[in-house]
Amino acid sequence: MMYNTISHPYLQQGQDIYNSCNQSSVSDVTTARDSTSPNFKTLPPINLKQSTTHIPVKISFPSNTISPNIPDSQITNTSATITDIVSPQPFFSYSPQDQTRIAIQKNLKLAIEEIKRTESQYLSNLKTLKRDYFEKLIEDIHLDVPVPIKIVYNILAELIQYHDKMTKLFERVDDTNIFKQCEGYCSIIAENGINLFWYKWYCSQHQIIQDSYHEFSQQSDRYGSKSQSNWRQFVFKIWFTGWQNFFESQQGVGLKKDFSLMSLLQRPIDRITKYRLFVETICKNCIKLGHSTANIQNSFEKICNQLNQINRNTEDRNIHKELFELIDFSTIRYHEMQIDFQFFGIPYLVGTCWAVYVENKVPRGHNLPILLFKSHLILIEYCHYSKRKKFELKFVVPVIKCHLDLESTTSSYGLHTTYPHCIKVSFEIGLCHYELLLCWLTKTDYDIWCEELTVIVCFVNGNDVLQKQPTTEATQYLYKLPTNLSPYDINTTSESFTMRQGNCYFKQCLLIKIVIDKVLMKLLHTESSNSIHTSVNNNHEDKGYKIVFENKQLSTNERFFRASISKGLHIYLIQESEAKFIDFFLSWQIKNQLK
């Protein structure tokens, strides 16, 4: 291999040229190399001080002396100056003089790495809570589990799907530009991080479970082992505490991760607030670096709006608490455990209705407040003025055992009426079948209740057909019925068939004639009570049972439940009282003006 070397005479010539450039002018520069060198040409004299223009220099090589095997036509010679090539602006700065910028960029990288790592941990916590704490409780223990726990279990299944999808979307962000990465992560979180429907529902149920846990802890601290047996004692003390001790005992040395139920339940709420802080931090750091943050700010505003909607969803919680303070739950027990309102969760619909049922083989009807929950239909009855809790439980019916007959006027057995705004509810308890007629004054109220009952009974609980065969389910559902309630049918294989058959009317058709008193008729602006509400076939008048819709019962129930009645449902007598007061005030004002 041959190497080109520069001889000493050429070095001396180069030194002479350099020295001459430091003088005021350079003149008579004839050659830079001797005449035997073919690659250099003679340059004209240049006055360095007087010249103010940039003179591009083009050096031409007449022949290819370096690579003789490549034709000259394939070697491109371009004319370029030093200023034609501009250095690109780097995305990262490694200059020691730019420590602030380096620190901000490092913070952005750490924030992205943290949100990815904690998202995977959060997904793991959701799976642990669903699989070990709730799923085994619901599927392996043959008890009627408190409704908030069932709801949270279903919500966790949906949240796991959403956050698993978001984890995969994080992995797809592979842009080398740190600012593009930040925009990508913020956009993913804004679109997928907070599912408004599921998180609103989760937060409402979380509050109920948390209140139940704190109330149980206070009772345990106050009474110790003498505290009354309660469903919370089994759920919180025995089941959840057992799983907590198991997981914490499996941790390695030095690890102290909290596996308590309250800690795991708190993490979804902490997580959605973490998203807001992450996007806010990214936005502030990008502003400091002088980059556009329009997309990041849009993501931040969307997340803040979602959190505000979740916060507003808890406004009605105090109303529900005041509602349940009126009801005495001490009369109902489940497997020797005391039940309270938190067992049922939050009601979907609250109102009043006239309930017609058969007691001692005789139809009876009363106006009762009615509460529809996800798992139970509850009707309560006014008891006495002297009691602190004014109402007692009359019916607690598991919705999963119910069947709706929306056309009670065409029923061929049991309770039958021609009253149009009526729903028949049939339900099975043990080996006995019972029925209720639920009636309302107006079609508006009837339509609202009809829609909600259809959704809860037929779709949520999936029970649109009453079971004809005796059930062999291991789960024993919570219920409460009046002592002398008459079934319309009994399974003949029941051990108590002989004892109960005397109180059963065996699908006998009982015709119910509805009569509305004058005060209610006036509220409904109806001229005649014989128009549609009390029309009865003359052939069956002697066999009919008259049920009167009285003003007094409705007035009492509306007075206590006025603040709790669901939106869209009528409040009849309160509105009438307000209208009378307004009329009185106006007439009094007119009289004073005439004086």
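Glu-359 is buried, at 16% relative accessibility. The side chain of Glu-359 meets that of Arg-364 in a salt bridge, with 3.4 Å from N to O. Arg-364 is partly exposed, at 35% relative accessibility. The model is a predicted one, and the structure holds 13 salt bridges.

Stay in this part of the chain. Strand E4 covers 349–359, strand E5 covers 362–372, and Lys-361 sits in the loop between them. Lys-361 is not a glycine, yet its phi is positive, at about 65°. What is the relative accessible area of Lys-361? The value is 38%, so Lys-361 counts as partly exposed.

Strand E4 also holds Cys-353. Is Cys-353 buried or exposed? Cys-353 is buried, because its relative accessible area is 0% and the cut-off for buried is under 20%. In sequence, Cys-353 and Trp-440 are 87 residues apart. In space, their C-alpha atoms are 5.5 Å apart.

Now step back to the loop between strand E3 (337–338) and E4, where Pro-347 lies. Pro-347 is buried as well, with a relative accessible area of 8%.

Lys-394 pairs with Glu-381, and their closest N and O atoms are 3.3 Å apart. Which strands hold the two residues? Lys-394 lies in strand E7 (residues 391–398), and Glu-381 lies in strand E6 (residues 376–382). The pair therefore ties together parts that are 13 residues apart in sequence. Lys-394 is buried, with a relative accessible area of 12%. Glu-381 is partly exposed, at 29% relative accessibility. Elsewhere, salt bridges that share partners join Arg-131, Asp-132 and Lys-136 into one network.

The side chains of Arg-271 and Glu-119 meet in a salt bridge of 2.8 Å, N to O. Arg-271 belongs to helix H7 (residues 261–288), and Glu-119 belongs to helix H2 (residues 99–140). This pair ties together parts that are 152 residues apart in sequence. Are its two partners buried or exposed? Arg-271 counts as buried, at 6% relative accessibility. Glu-119 is buried too, with a relative accessible area of 0%.

There is also a record for this region. An unreviewed UniProt entry places the feature "coiled-coil region" at residues 101–132. In the model, how much of residues 101–132 is helix and how much is strand? The chain there is 100% helix and 0% strand. The end C-alpha atoms of this stretch are 47 Å apart.

Which residues of H8 are buried? They are Ile-296, Ser-299, Phe-300, Ile-303, Cys-304, Gln-306, Leu-307 and Ile-310. Seen down the axis of H8, these buried residues fall within an arc of 160°. They therefore line one face of the helix.

With a relative accessible area of 36%, Val-455 is partly exposed. Val-455, Phe-459 and Val-460 make a nonpolar surface patch of about 290 Å².

Lys-507 is found between helix H11 (497–500) and strand E13 (510–516). Lys-507 has a positive phi of about 60°, although it is not a glycine. Its relative accessible area is 41%, so Lys-507 is partly exposed.

Note on methods. Residues numbered from 1 in each chain as written. Predicted model: local features only at pLDDT ≥ 70, side-chain atom pairs only at ≥ 80, totals over all residues. Heavy atoms only, no water. Patch = residues over 30% accessible without salt bridge, like charges linked within 9 Å, V, L, I, M, F, W, Y side chains within 5 Å. Areas by Shrake-Rupley, 256 points an atom, 1.4 Å probe, with all protein chains shown as cover. Salt bridge = Lys/Arg side-chain N within 4 Å of Asp/Glu carboxyl O. Buried < 20%, exposed > 50% of the residue type's maximum accessible area, 1.4 Å probe, protein only. Helix = DSSP H or I, 4+ residues; strand = E, 2+ residues; numbered from the N terminus. UniProt positions renumbered as here; feature names shortened; annotations may be inferred. Arc of directions from axis to C-beta.
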